[in-house]
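Subject: Structure handover

Hello,

Here is the structure I said I would pass on. Please open it first, then read my notes below.

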Amino acid sequence: MIDFRQKLAEREARHLYRRRRTSDGPQGPLQQIDGREFLSFCSNDYLGLANHPEIVAAFKHGVDSYGVGSGAAHLVNGHSRAHQALEEELAAFTQRPRALLFSTGYMANLGTVAALVGAGDALFEDRLNHASLLDAGLLSRARLSRYDHGDVASVQNKLSDSSAAQKLIVTDGLFSMDGDIAPLPELAAAARRHDAMLMVDDAHAFGVLGPQGRGSCAHFALGSEAVPVLMATLGKGVGTFGAFVAGSEELIEWLIQTARPYIFTTATPPAIAEATRASLRIIQTDEWRREKLQTLIRRFREGAAQLGLPLMTSETPIQPLLVGTAADAVAMSQRLEGQGILISAIRPPTVPEGTARLRITLSAAHSEGQVDRLLAALESACA
Ligand SMILES: *Cc1c(COP(=O)(O)O)cnc(C)c1O
């Protein structure tokens with residue numbers, strides 16, 4: 001029998017216990033949590049779209065047209081006109097022949113990796129890839145090797161040593177806990193040289209980086225030849241829910257036939273797809289949201305540098321402060337909470353041992369004054 005009590009107590013003692021907060025009301029810089037108002041810097045709603053009035057209206061209109069539940073999986077009768085239209089718009093937006101919706105990013109990764117490689121194949125992953133990509137590797141039964149973070153020489157060596165029939169390189173486009181961008185042009189060149197396929201998980205860059213927010217591949221002007229498998233989520237910068245994979249006609253048909261987390265799950269509500277369509281239009285037209293983010297990022301980094309805070313090398317809305325031990329990161333997060341500022345402490349196993357951090361994220365919905373308030377709170381929390 002598992003002794004849950006003892007196991008939970010152990011976690012608590014190691015400062016690894018995780019607790020949820022209950023928020024009332026929508027996402028936004030100011031959040032009502034357990035009856036108190038907090039200024040939040042931990043959301044992935046980078047563009048401030050999760051509660052945008054046009055997206056809310058599109059969602060409501062979607063419910064009026066389609067009801068709430070999709071009723072079944074896409075391959076049964078859950079694939080609506082709204083899903084179809086969104087897939088076509090995502091394909092156009094990512095400049096790829098086709099796109100396929102998945103219910104979540106976690107499932108998109110599990111399904112896609114396992115559909116592309118299996119026993120006897122080789123899978124190469126950045127050491128800091130998202131947990132869902134590592135789990136996808138285990139599920140696929142391919143031989144998984146993790147290369148050093150962002151290190152193209154490291155992946156080249158592993159590719160040279162491999163004699164597997166199928167080789168797949170998978171990387172986050174923008175790393176979720178570090179805020180740095182993967183060396184995609186070099187990875188694409190390595191993939192070409194070693195006859196490997198490259199897959200990019202753009203969960204954090206989609207809507208945020210590149211011209212019109214087309215993501216990290218567009219940021220480097222890499223099309224579907226260089227990056228044949230592009231995955232992104234819709235619950236972060238897009239502000240809605242779900243995920244998709246974009247690529248060739250044949251890739252998408254192969255996923256429809258074989259990706260089990262696609263086949264054996266209920267389609268997301270069509271109204272979500274309608275909301276996402278509205279969000280995609282806003283992402284393309286509202287250049288000011290990305291410009292505003294740049295202004296806030298600059299202001300935060302300059303202020304933090306003046307305070308001598310341990311910034312990491314990131315030019316993106318993810319601006320982690322390295323703390324070290326889980327205990328110190330939790331203590332610092334609690335001190336900030338005392339000042340009405342919400343930033344979660346990120347601890348192992350999400351990040352490597354000894355690199356616990358405060359993961360600060362900026363949103364286009366923040367004001368410069370709110371960034372200044374954050375800096376002041378950090379100054380006193382670090383003192
Ligand atoms: C959040 C995230 C996912 C999972 O996406 P969900 O839609 O939340 O399941 C996958 N990959 C990365 C890099 C992520 O940050």
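**Cavities**

Helix 12 gives the largest share of the lining of the second largest cavity, three residues. The model is predicted, so local features need pLDDT of at least 70 and side-chain atom pairs count only at pLDDT 80 or more, while totals for chains, interfaces and linings use all residues. Residues are numbered from 1 along each chain as its sequence is written, and side-chain values use heavy atoms, with hydrogens and water left out.

Some terms. Helices (H or I, at least four residues) and strands (E, at least two) are DSSP runs, numbered from the N terminus. A cavity is a set of points on a 1 Å grid, over the protein atoms alone, where a 1.4 Å probe fits but cannot get out; lining residues have an atom within 4 Å of a point. Grid points are joined across faces, edges and corners, and a volume is the space filled by probe spheres set on the points.

Back to the second largest cavity: its volume is about 50 Å³. Helix 12 (270-285) and strand 4 (98-102) each supply at least two lining residues. Among the lining residues are Leu86, Phe102, Leu234, Phe241 and Ile272. The lining has seven nonpolar residues, three polar and no charged. Nonpolar here covers Ala, Val, Leu, Ile, Met, Phe, Trp, Tyr, Cys and Pro; charged covers Asp, Glu, Lys and Arg; the others, Gly among them, are polar.

In total, the structure holds two cavities of 30 Å³ or more.

Three strands form an open antiparallel sheet, in the order 11-14-13. Strand 11 (318-324) and strand 13 (345-346) are at the edges with a single partner strand each, so one side of each has no neighbour in the sheet. Strands pair if DSSP finds at least two bridges between them. Strand 11 and strand 14 (residues 356-361) are joined by six bridges. Isoleucine 318 sits opposite threonine 361.

**One residue**

Glutamate 54 belongs to helix 2 (residues 53-66). Is glutamate 54 buried or exposed? Glutamate 54 is exposed, at 52% relative accessible area. The cut-offs are under 20% for buried and over 50% for exposed, with partly exposed in between (1.4 Å probe, protein chains only).

Best wishes

Technical notes
On a 1 Å grid over the protein atoms alone, a cavity is a set of points where a 1.4 Å probe fits but cannot get out, and a pocket is an open set with protein on both sides within 12 Å along at least five of seven lines; lining residues have an atom within 4 Å of a point.
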